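Subject: Handing over the structure

Hi there,

Here is the structure I promised to pass on to you. Have a look at it first, and then read my notes below.

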Amino acid sequence: MSELAFTLARIGFLVLLWVFVLLTLRALRRDVADMATPGAQRRPARTSAPGPARAQSHRRGASRLIITEGPLAGSTVPLSPTSISIGRSPSCTLVLEDSYASSRHARIFPKDGTWWLEDLGSTNGTTLAGHPVHGTVELSMGVPVRIGQTTLELRP
């Protein structure tokens with residue numbers, strides 16, 4: 001191998017190494033920022049039009065959040081007029097001891113008589129009925145929400 005090719009390979013390796021370091025620092029900075037602002041609330045990114053699920057939610061209000069799968073299976077979180085933050089951070093309302101959950105992974109909050117689910121930019125994502133959640137979506141009763149190894153549902 002010529003001296004030029006060897007030098008180019010070394011430079012390429014160093015560039016890749018720096019890209020990896022910078023991406024890692026960005027992820028760590030975002031997680032630290034999430035932990036430093038426990039009370040920060042975000043605006044819903046999108047809303048859906050009224051439909052049958054919304055009407056059903058108005059008629060039969062949800063009163064609790066039940067964990068159906070995962071290490072906390074069987075646990076219940078009572079719903080109140082405030083939002084429920086979910087993640088690994090001790091400042092969250094529902095703390096998950098799960099390496100697949102972000103420090104501030106998602107939140108569930110009431111708005112106009114219905115419940116909404118918002119993914120807070122988590123690394124591994126949130127699913128609603130098996131579909132990825134991007135931004136904010138309406139949450140109906142009995143529809144499974146998956147965060148890491150934990151599945152939860154709204155119940156009356």
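In which sense do strand 3 (residues 84-87) and strand 5 (residues 106-111) pair, and over how many bridges? They pair in the antiparallel sense, over three bridges. Two strands count as paired here if DSSP finds at least two bridges between them.

Before going on, a word on the source. This is a predicted model, in which local features need pLDDT of at least 70 and side-chain atom pairs count only at pLDDT 80 or more, while totals for chains, interfaces and linings use all residues. Residues are numbered from 1 along each chain as its sequence is written, and side-chain values use heavy atoms, with hydrogens and water left out.

**Overall layout**

The protein chain has two helices and eleven strands. Along the sequence they follow the pattern α-α-β-β-β-β-β-β-β-β-β-β-β. Helices (H or I, at least four residues) and strands (E, at least two) are DSSP runs, numbered from the N terminus. Of the 156 residues in the protein chain, 33% are buried. By the cut-offs used, buried means under 20% relative accessible area, exposed means over 50%, and partly exposed lies in between (1.4 Å probe, protein chains only).

Phe109 has Trp116 as its bridge partner in strand 6, and Pro110 has Trp115. Strands 5 and 6 form a hairpin with two residues between them. Asp112 sits in that loop, and its phi is near 55°, a positive value in a residue other than glycine. Most residues other than glycine have a negative phi. Asp112 is also exposed, with a relative accessible area of 54%.

Arg107 lies over the face of Phe109, at 3.9 Å from the ring centre, and Lys111 lies over the face of Trp116, at 6.0 Å from the ring centre. A charge sits over a ring if NZ of Lys or CZ of Arg is within 6 Å of the ring centre and within 35 degrees of the ring normal.

The open sheet of six strands has the order 2-1-11-10-7-8, with antiparallel pairing. Strand 2 (76-78) and strand 8 (131-132) are the edge strands, each pairing on one side only. Two bridges join strand 7 (residues 126-128) to strand 8, and Thr127 stands opposite Pro132. In the loop between these strands is Ala129, which has a positive phi near 55° and is partly exposed at 42% relative accessibility.

Arg146 lies in strand 10 (residues 145-147). Its C-alpha atom is separated by 5.8 Å from that of Thr126, 20 residues apart along the chain.

**Salt bridges**

How many salt bridges does a search of the whole structure find? There are three, each defined as a side-chain nitrogen of Lys or Arg within 4 Å of a carboxyl oxygen of Asp or Glu.

- Arg146 and Glu69 meet at 3.4 Å, N to O. Arg146 lies in strand 10 and Glu69 in strand 1 (residues 64-69), so the pair ties together parts that are 77 residues apart in sequence.
- Glu118 and Arg107 meet at 2.7 Å, N to O. Glu118 lies in strand 6 and Arg107 in strand 5, so this pair ties together parts eleven residues apart in sequence. Both Glu118 and Arg107 are buried.
- Glu153 and Arg155 have their closest N and O atoms 2.6 Å apart. Glu153 is buried at 12% relative accessibility, whereas Arg155 is partly exposed at 28%.

**The helix**

Finally, turn to helix 1 (residues 3-36), where Trp18 lies. Trp18 is exposed, with a relative accessible area of 54%.
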